[in-house]
Amino acid sequence: MSGQKIVVLGTGGTIAGTSAQAGDNIGYTAAQVGVDELLAAVPGLQVLAGGALVAEQVAQIDSKDMDYAVWRALALRCAHHLKDPQVRGLVITHGTDTLEETAWFLQEVLDTPKPVVLTCAMRPASALTPDGPQNMLDAVAVVLAPGAAGVMVVAAGEVHGARHVQKIHPYRVHAFNSGDAGPLGWVEEGRVRLVQNWPLAQVKYVHDAIENIANPGEWPWVEVVMSHAAASGKAVDALVREGVQGLVVACTGNGTIHHSLEAALSRAQNTGVRVVRSTRCTEGQVLPKPGDLLPDSQGLSPVKARVTLMLDLLRAD
Ligand code: SIN
């Protein structure tokens, strides 16, 4: 990789977290250690990257608090570095809690043939056995893999595409999967064993998404509501009164909705609010039927459908 570099953008998370006691895996504070220090603590990382790792701290947050200001800054820094011919690819350190949303957001807005690899940890940097260092090594190995492209998540030895990856466990180290789609591959002793194609840039938004995002105006207001036993339409009616612009419904099963909630969603749609159906099921996707009155999310989970609807509305503004 002579003459090329890998840029590591730090955003915080448990990978940068510390606790007062080394054995404490839950009572820690996320986002304490700077990305420079994280890189320096991983033996062999600079050697693997050919001495060409560059660190930049974009944010330092617990990812439960992810917001549009950080997404905007991150997307703009990604776009900036990806344009540099000397940059081979990017690694982003991130908390696990909203990792899949950031990954999908970046997959939707970045127009690049280069790899963008998000990584994380389920154990803080101060743990007896932190998982961050190996994840960081594996993320760099993925950036260096021949042909690597698109936005991916690397954790616990697995490589996942941004479209399907989900956090599915609140505690164990192996916390991510891609449901029916499965992982793109694995990183084994620094080698990437791929079983699916690299994910490509989306063509839907990339043409003007970065310009839209750079605009400091308000981002569209899109909420997720859930259908469940005894659901009512009161929350939806209140959101519409407050000016919500989009609603994603986490539906039961194959896109079904409690009749009371459905009536409110239909009223919302009639007033111009965009409504999209996803499913509460963690695997599979809503299969559309003739006569469906509310469009489905085309396989996106509720939180990712929210990102896509928000970008759609941003683009339409
Ligand atoms: C976070 O999402 O920032 C905290 C939790 C984690 O990274 O596992």
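1. Helices here are DSSP runs of H or I with at least four residues, numbered from the N terminus, and their axes are lines fitted to C-alpha atoms over the stretch in contact, with angles running from 0 to 180 degrees between N-to-C directions. This is a predicted model, in which local features need pLDDT of at least 70, side-chain atom pairs count only at pLDDT 80 or more, and totals for chains, interfaces and linings use all residues. Residues are numbered from 1 along each chain as its sequence is written, and side-chain values use heavy atoms, leaving out hydrogens and water.

2. Let's start with α7 (residues 234–242) and α8 (residues 259–270), whose axes come within 8 Å and cross at roughly 20°. That makes the two helices roughly parallel (angles under 35 degrees). Their crossing is right-handed, with the near helix turned clockwise from the far one by less than a right angle.

3. Next, the axes of α3 (residues 68–83) and α4 (residues 99–109) cross at roughly 50° and come within 11 Å. The crossing of α3 and α4 is right-handed.

4. Now for the ligand: Gly13, Thr14, Tyr28, Asp62, Ser63, Gly95, Thr96, Asp97 and Ala121 surround it, each having a heavy atom within 4 Å. By class, this shell has five polar, two charged and two nonpolar residues, with Gly counted as polar.

5. Which side-chain N or O atom sits 2.5 Å from a ligand oxygen? That atom belongs to threonine 96. Aspartate 62 places a polar side-chain atom 3.2 Å from an oxygen atom of the ligand. The protein buries 95% of the 250 Å² that the ligand exposes when taken alone (Shrake-Rupley method, 1.4 Å probe).

Technical notes:
Polar contact = N/O pair within 3.5 Å; in protein donor to acceptor, adjacent residues only side chain to side chain. Parallel < 35°, antiparallel > 145°, perpendicular 65-115°, else oblique.
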